[in-house]
Amino acid sequence: MPCGKHPTAVIAEMTVRALWELQNLLDCIPDALWDRCYGGAPLWQHVYHTLHELDQWFINPRDTDFVEPPIHTPHLQELHIYPAVRLDRQAVDDYFYTIKAKLSIYLTSLHDEDLLQRPDNCEWTRFTLILSQYRHLYRHMGMVMGFIEAETGLCPRTLEVGEDPPAAPYDPYQ
């Protein structure tokens, strides 16, 4: 492409940036809010829901080989069902890093011509799945950012277009 990057390169770059912002958001959640309920679900369950949907829906929600993470219990991703277990930060962070690695491998293998194809047993194209997960991810990130800002007065940092993720140490808030 003489005038720019290939669509899959842009998707890969935007995914890296989105995952940096998600990790920064997770790091900004005060301990006092981790178990606080919002809309009937503890904050950590909102995070788990976001991660689980990213894990299952970014690549192929109909994948018959999809394996639930070891921390999963039935309906844990459902925000309208109060969880029977509690996840700590380490378990959630570990799950985040597993998803990050999985998406990196997937995006490395993705080609432009694959974007308008449907994965096996799936009614949506890969491009539709990716865009819908960006929408879902940022919806829930915005909610969690609001919870944090309402409690602390601080807004977790996001990246401007073209801004490189900062090197540590950095201020995690804007």
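Rings of Phe, Tyr and Trp count as a pair if their centres lie within 6.5 Å. In this predicted model, the structure holds 7 aromatic pairs.

One of these pairs joins Phe 58 and Tyr 106, with 6.3 Å from centre to centre and 85° between the planes. The arrangement is edge-to-face, because planes over 60 degrees apart count as such. Phe 58 sits in the loop between α2 (43–57) and α3, while Tyr 106 belongs to helix α3, so the pair ties together parts that are 48 residues apart in sequence. Phe 58 and Tyr 106 also belong to one aromatic cluster, together with Tyr 134.

The loop between α3 (89–109) and α4 (126–152) holds Thr 125. Leu 116 lies in the loop between α3 and α4 as well. Apart from neighbours within four places in sequence, Thr 125 is in contact with Leu 115, Leu 116, Gln 117, Arg 118 and Pro 119. On the surface, Leu 116 forms a nonpolar patch with Phe 127 and Leu 131; together the three have about 290 Å² of accessible area.

The table lists the accessibility of residues named above.

| Residue | Relative accessible area | Class |
|---|---|---|
| Phe 58 | 1% | buried |
| Tyr 106 | 12% | buried |
| Thr 125 | 15% | buried |
| Leu 116 | 64% | exposed |

Buried means under 20% relative accessible area and exposed means over 50%. Thr 125, at 15%, is therefore buried, whereas Leu 116, at 64%, counts as exposed.

Terms used:
Residues numbered from 1 in each chain as written. Predicted model: local features only at pLDDT ≥ 70, side-chain atom pairs only at ≥ 80, totals over all residues. Heavy atoms only, no water. Helix = DSSP H or I, 4+ residues; strand = E, 2+ residues; numbered from the N terminus. Buried < 20%, exposed > 50% of the residue type's maximum accessible area, 1.4 Å probe, protein only. Contact = heavy atoms within 4.5 Å. Patch = residues over 30% accessible without salt bridge, like charges linked within 9 Å, V, L, I, M, F, W, Y side chains within 5 Å. Areas by Shrake-Rupley, 256 points an atom, 1.4 Å probe, with all protein chains shown as cover. Salt bridge = Lys/Arg side-chain N within 4 Å of Asp/Glu carboxyl O. Phe/Tyr/Trp six-rings, centres within 6.5 Å; stacked < 30°, edge-to-face > 60°.
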